[in-house]
Amino acid sequence: MKSEKTKSPSFATMIVLAVLLLVVVLTCVPYLVTIAFAEAPATADASPIFGVTVPQGYKQWELIAPAEEAAPLDELRAVVGNQIAIDAYQDGKLPFPDGTILVKRAWKRKQSPEFASATIPGAATTVQVMVKDSRKYAATGGWGFGRFVNGKPVDEAQHRTCFACHEARAKSRDYVFTRLAP
Ligand code: HEC
């Protein structure tokens, strides 16, 4: 009799624990999958020195400003940003908060086939990325850099030039040239 009494609550407890464990495991699965997928491609297509990758979905990001580059590059550009970047721009917040990502898209300048005086984007040339992480990239003003051609990062030598130019000309604006287009 005595053992009967002690057994049944412990069996119930075990069921409760098993259910709890199942809930915990099922809750973790999406996170584990996210981590696995986030880390695998990050190493393959990451920029040298900084380990910056082309952020997913950047083609849907909001425009900060267009730009044009004279010859010999002859390019049209568009700088876009993630929501953290857009919020910081709209609030006039400097320095940019950690998590800010800026992407500069670029295309060859091309004459419109339908209208001679109109210039349109031709072939895509580079995608350039700046990621703010003030601790990870403390040595380069808190910014990690990446330049990509056809989705692949360019060499280390090119990545050594990024911060120097941004520092020389745009230090007072948290190393960012582009202002929000009016
Ligand atoms: C010789 C100067 C120079 C170098 C080197 C340079 N940049 Fe820039 N960068 C600029 C200028 C000027 C702009 C402003 C937009 C424009 O004119 O295209 C800019 C804009 C950007 C932007 C948009 C945010 C902003 O600051 O306006 C990103 C992202 C960027 N550069 C990434 C890079 C990366 C990555 C590298 C290295 C691979 C790099 N840049 C090297 C001059 C430079």
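The model is predicted, and local features need pLDDT of at least 70, side-chain atom pairs count only at pLDDT 80 or more, and totals for chains, interfaces and linings use all residues. Residues are numbered from 1 along each chain as its sequence is written.

The ligand is surrounded by 21 residues, where a residue is near a molecule if its C-beta atom, placed from the backbone, lies within 6 Å of it. The closest are R147, C162, C165, F177 and T178. Ten residues of this shell are nonpolar, seven are polar and four are charged, with Ala, Val, Leu, Ile, Met, Phe, Trp, Tyr, Cys and Pro counted as nonpolar, Asp, Glu, Lys and Arg as charged, and the others, Gly among them, as polar. Among the elements that each supply at least two shell residues are β3 (101-111), β4 (119-132), β5 (143-149) and α4 (162-170); helices (H or I, at least four residues) and strands (E, at least two) are DSSP runs, numbered from the N terminus.

Two strands pair if DSSP finds at least two bridges between them, and the table gives two such pairs.

| Strands | Bridges | Direction |
|---|---|---|
| β3 and β4 | nine bridges | antiparallel |
| β4 and β5 | six bridges | antiparallel |

K104 has Q128 in β4 as its bridge partner, while V127 stands opposite F148 in β5.
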